[in-house]
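Please view the sequence and the model together.

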Amino acid sequence: MRKNKQKFTDIRPLIADFNSDSICFRQKFGGGIKQNIAKAVGIKSGIRPDIIDATAGLGEDSFILASLGSKITLIERSQIIHDLLADGMKKASNLGGRTAEIISRMKLLHADAIELLPKLSTDVIYLDPMHPPRRKSALVKSKMRQMRSIVGEDADQIELISTALKSDCSRVTLKWPSQNPLPHPLPKCSYQIIGKTVRFDIFIKS
């Protein structure tokens, strides 16, 4: 007799976990300062820029950048995501050691970056707005679905990018799907770093 196949839905709660297997893997095998995200924000030998992550989300990219030595200001406007991130940072700090050291370079703010960026000054503004869905593992799809259900589609992402480009910084780095054109209307970036699924559009300000 043929057995019925059942599909199981991942219902794990959405959390900010800075001690997860994926984070640990990125720290150990991500490539250090040679990885694309580090190059995109200007991290290199002897240089560790101060960075504003204006779309903090669950803070994974910020944690990786902080692990490389940069100081990161994370801005998150969703109260729910902010609270998840704050809880994750607190738990990570309580772990002590290397993890706590990394967290000490991360400062979290609950605010709308469009309103706050004009009041701040930094070396780099990093942007990772909500992207169109990508084909990945069921776990990632589940996490992205949960994020979308909370934060929506970032309908004002063009305004956010434009605000960043007008802000007091020397570089704006935009993380975007590698095959997708920039949202219209935005200026042409200075250069790109292209990976398999995502690319970084870098705007160098004169």
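Is R77 buried, partly exposed or exposed? With a relative accessibility of 36%, R77 counts as partly exposed, where buried means under 20% relative accessible area, exposed over 50%, and partly exposed in between (1.4 Å probe, protein chains only).

This is a predicted model, in which local features need pLDDT of at least 70, side-chain atom pairs count only at pLDDT 80 or more, and totals for chains, interfaces and linings use all residues. Residues are numbered from 1 along each chain as its sequence is written, and side-chain values use heavy atoms, with hydrogens and water left out. The mean pLDDT (the predictor's confidence in each residue, from 0 to 100) is 88 for the protein, and 83% of its residues reach 70 or more. Over residues 1–10, pLDDT stays under 50. Where pLDDT is low, the predicted coordinates should not be read in detail.

The whole structure holds nine salt bridges, each defined as a side-chain nitrogen of Lys or Arg within 4 Å of a carboxyl oxygen of Asp or Glu. One of them joins R77 to D112, with the closest N and O atoms 3.6 Å apart. R77 lies in the loop between β2 (72–76) and α4 (79–94), and D112 in the loop between β3 (106–110) and α6 (113–116), so the pair ties together parts that are 35 residues apart in sequence. Helices (H or I, at least four residues) and strands (E, at least two) are DSSP runs, numbered from the N terminus.

R77 also forms a salt bridge with D156, at 2.8 Å between the closest N and O atoms. D156 lies in the loop between α7 (138–151) and α8 (157–166), 79 residues from R77. At 23% relative accessibility, D156 is partly exposed.

Definitions and conventions. Contact = heavy atoms within 4.5 Å.
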